[in-house]
Amino acid sequence: MEHSISALILAGGRGTRMGRVDKGLQPFRGGTLASHVLQRLAPQVASVTINANRNLGAYSALGAEVLPDELEGYEGPLAGLQTGLRHCATDLLLTAPCDSPFLPPDLAQRLYDALNAQGADLAVASTLETGEDGKTRTQLHPVFCLVRKSALPALDDYLQTGSRKMDGWYKSIKVAEVLFNDAAAFRNINTLTELQNEEDAAANPSLKDVASCLSGYDPDALPVRNAQRIIRDFIQPVRGIEKVALRSALERVLAADVISPINVPAHDNSAMDGFAFAGAQLKADGNTTLKVIGTAYAGRPSALKPGPGECVRIMTGGVMPDGCDTVLPQELAADLSDVAVTIAPNTVRTGDNRRFKGEDLGAGTPALRKGKVLRPADLGLVASLGLAEVPVQRRLRVAFFSTGDELRSIGEPLAEGCVYDSNRYTLFGMLQRLGCDIVDMGIVKDDAASLEEALRTACECADAVITSGGVSVGAADYTKQVMATLGDVHFWKIGMRPGRPMAFGRIRSNGHSAYLFGLPGNPVAVMVTFYFFARHALLHMMGADSPGDQMLRVRSAQPIRKKPGRTEYQRGILATALDGSREVRITGSQGSGILRSMSEANCMVVLHDEQGNVAEGDLVDIIVFDGLV
Ligand code: AMP
Ligand code: MG
């Protein structure tokens with residue numbers, strides 16, 4: 001079939017609704033609209049031609065033949081079709097507009113089957129659409145058609161009459177209508193706003209799209225690694241860069257590579273206090289005695305130029321004098337006076353103790369890469385390049401609140417059955433350490449109106465919203481209902497302990513959007529879910545390169561009970577055993593409400609999904625808290 005069909009992309013329009021830009025050439029998902037149409041058509045036909053009336057060179061660069069209309073004056077799709085049919089090398093011509101990058105992969109096949117079955121001159125695609133009145137009707141897509149070359153005389157006659165309407169011409173020939181059930185495949189992009197929306201949709205896939213990439217996605221039994229993966233694939237980094245003074249850049253995320261403007265060090269120099277000379281004159285079988293002609297200090301250029309049999313006394317960092325390539329450390333001299341130094345054989349080799357110009361960093365090479373979270377060494381490195389400022393990602397704004405009628409804030413009396421809100425303080429600490437701008441929204445009551453208002457306010461002022469409580473199945477937990485109405489939010493039961501229930505997604509309010517992490521209420525669960533889900537996501541939003549969790553394997557000093565089929569995060573104390581080796585113990589009770597277990601711990605013992613009971617002496621994975629949030 002393919003051999004009897006060529007395709008024509010209709011790109012000859014004025015692009016009136018797009019502000020007269022050349023539609024087919026508009027950038028779209030890494031290519032242009034026309035290149036996407038071409039990619040979809042090419043596998044279905046023998047060859048593809050593009051009908052265009054402007055920018056012919058840009059269209060031929062796509063690798064297709066380009067034909068302008070024979071009729072002058074942008075006379076519409078029929079003018080393109082006429083030209084296409086005149087130059088068509090096959091019996092059949094398939095047309096598609098340049099702004100329909102989603103067209104069906106079986107367009108040619110289905111039109112072909114109908115054309116032949118009905119003995120028609122032309123087959124045209126149609127879909128079922130539901131109107132505003134709720135009624136379903138057939139929508140014809142006249143520019144998606146397969147036409148016989150033999151219909152050209154009829155088209156010439158029709159155009160002679162001055163008419164230009166596609167469906168008008170269809171009335172004069174035998175047409176087969178073919179119903180496609182994927183209406184979305186025929187959608188075309190008419191305005192720049194639609195184009196932008198499509199680009200945004202591609203850049204911001206729905207949570208469902210992201211989750212469906214995992215086989216067997218079940219929100220009620222989600223393994224930790226799958227939840228982490230969905231979050232990672234769904235989250236997009238925020239935009240915004242600021243230049244800050246070097247000291248303020250500590251712990252910030254570098255927003256662009258730092259390129260060294262200079263060689264570091266700027267000159268060859270000495271790594272030791274000693275004597276610089278040309279190594280070629282070292283004798284292998286006897287002492288070498290050199291005359292000292294002067295001293296080269298660090299930071300003070302000298303014009304000293306030792307000749308044969310001469311050397312220069314040099315300080316660490318002193319610029320290597322001309323002709324010198326070797327330094328004898330002072331303490332290795334066999335004999336030393338104010339005027340001469342003697343070197344025993346085999347004390348130094350040529351090139352020893354010399355630092356090369358640019359050996360730390362060459363001018364023009366990247367000293368630090370974008371995405372690095374700047375640590376003290378990095379500040380020093382940037383300073384060594386003489387740079388006073390660095391570009392960093394803007395700080396992430398994170399709003400959070402606690403939910404629950406039983407919660408009281410510090411300073412309030414504790415009524416019966418109530419607890420003080422501790423989650424806002426652990427969250428504060430963890431977010432502060434991540435370098436976020438923090439918006440603490442306090443405690444929100446378990447009622448729908450208050451929750452909606454709080455979520456909306458948080459969404460409008462922050463990049464991410466973190467809540468605690470209300471995401472399990474409790475009767476007074478309206479949190480889930482309200483979250484679901486504000487955006488694209490999934491509720492998960494994660495195969496982990498503590499921290500099984502969690503909400504994740506993106507909420508919207510008044511044109512703003514924010515990622516949402518609905519963490520469980522129990523104080524340990526909050527920390528664990530923050531650490532293993534939210535923290536990575538926030539780092540990704542900040543544009544930071546975050547290495548995965550760095551685990552160590554150490555011996556368990558005790559047996560640990562563990563059910564296979566879920567990941568357990570037990571709080572541990574890493575210590576040095578009597579024999580000097582490292583071992584880990586579990587802090588007392590591991591209940592998810594017992595914050596003391598977290599406070600006493602210095603590491604998390606990670607017992608993986610498939611793992612069962614741990615015997616005393618078994619090796620287990622741990623993540624140490626130091627250096628983490
Ligand atoms: P929930 O997920 O809302 O059912 O909460 C689970 C448990 O965590 C309940 O015992 C809550 O009282 C407790 N809890 C929820 N939020 C907090 C908080 N902010 N501080 C301390 N405990 C909390
Ligand atoms: Mg609650």
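Which residues are the closest to ligand 1? In this predicted model, ligand 1 is surrounded by 15 residues, and the closest of them are Glu406, Asp421, Ser422, Asn423 and Gly470. Several polar approaches can be located on the ligand's nitrogen atoms. One is to Ser422, where a backbone N or O atom lies 3.1 Å from a nitrogen atom of ligand 1. Another involves Asn423, with an N or O atom of the side chain 3.2 Å from a nitrogen atom of the ligand. Gly521 also takes part, through a polar backbone atom that is 3.3 Å from a nitrogen atom of ligand 1.

Two packed helices are described by the angle between their axes and the distance between the axes. Helix H11 spans residues 423–434 and helix H14 spans residues 523–541; their axes are 11 Å apart and meet at an angle of about 25°. H11 and H14 are therefore roughly parallel to each other, and their crossing is right-handed.

H9 supplies Val224, Ala227, Gln228, Ile231 and Arg232 to the contact, while H14 supplies Phe532, Phe533, Ala537 and His540. The contact of H9 with H14 consists of 6 nonpolar, 2 polar and 1 charged residues.

The pairing of H3 with H5 can be described in the same terms. Helix H5 covers residues 152–160, and its axis lies 10 Å from that of H3, at an angle of about 145°. The crossing of H3 and H5 is left-handed. From H3 come Leu78, Leu81, Gln82, Leu85 and Arg86, and from H5 come Leu152, Leu155, Asp156, Tyr158 and Leu159. This contact of H3 with H5 contains 7 nonpolar, 1 polar and 2 charged residues.

Attention now turns to the backbone. Most residues other than glycine have a negative phi, and most peptide bonds are trans. The place of Arg20 is in the loop between strand S1 (5–11) and strand S2 (27–28).

Where are cis peptide bonds found in this chain? One runs from Val264 to Pro265, with omega near -10°. Pro265 is situated in the loop between strand S12 (258–259) and strand S13 (269–270). Another cis peptide bond runs from Arg497 to Pro498, with omega near -5°. Here the loop that holds Pro498 is the one between strand S28 (487–497) and strand S29 (501–509).

The last stop is Thr576, which lies in strand S32 (residues 567–576). Leaving aside residues up to four places away in sequence, Thr576 touches Ser581 and Arg582. Between the C-alpha atoms of Thr576 and Ala176 there is a separation of 82 Å, the two residues being 400 residues apart along the chain.

Note on methods
Residues are numbered from 1 along each chain as its sequence is written. Chains are lettered from A and ligands numbered from 1 in the order in which they are written. This is a predicted model: local features need pLDDT of at least 70, side-chain atom pairs count only at pLDDT 80 or more; totals for chains, interfaces and linings use all residues. Side-chain values use heavy atoms; hydrogens and water are left out. Axes are lines fitted to C-alpha atoms, for helices over the stretch in contact, and angles run from 0 to 180 degrees between N-to-C directions. Helices (H or I, at least four residues) and strands (E, at least two) are DSSP runs, numbered from the N terminus. Angles under 35 degrees count as roughly parallel, over 145 as roughly antiparallel, 65 to 115 as roughly perpendicular and the rest as oblique. A crossing is left-handed if the near helix is turned anticlockwise from the far one by less than a right angle, and right-handed if clockwise. A residue is near a molecule or strand if one of its heavy atoms lies within 4 Å of it. A polar contact is a pair of N or O atoms within 3.5 Å; within protein, one must be able to donate a hydrogen and the other to accept it, and residues adjacent in sequence count only if both atoms are side-chain atoms. Contact means heavy atoms within 4.5 Å. Ala, Val, Leu, Ile, Met, Phe, Trp, Tyr, Cys and Pro count as nonpolar, Asp, Glu, Lys and Arg as charged, and the others, Gly among them, as polar.
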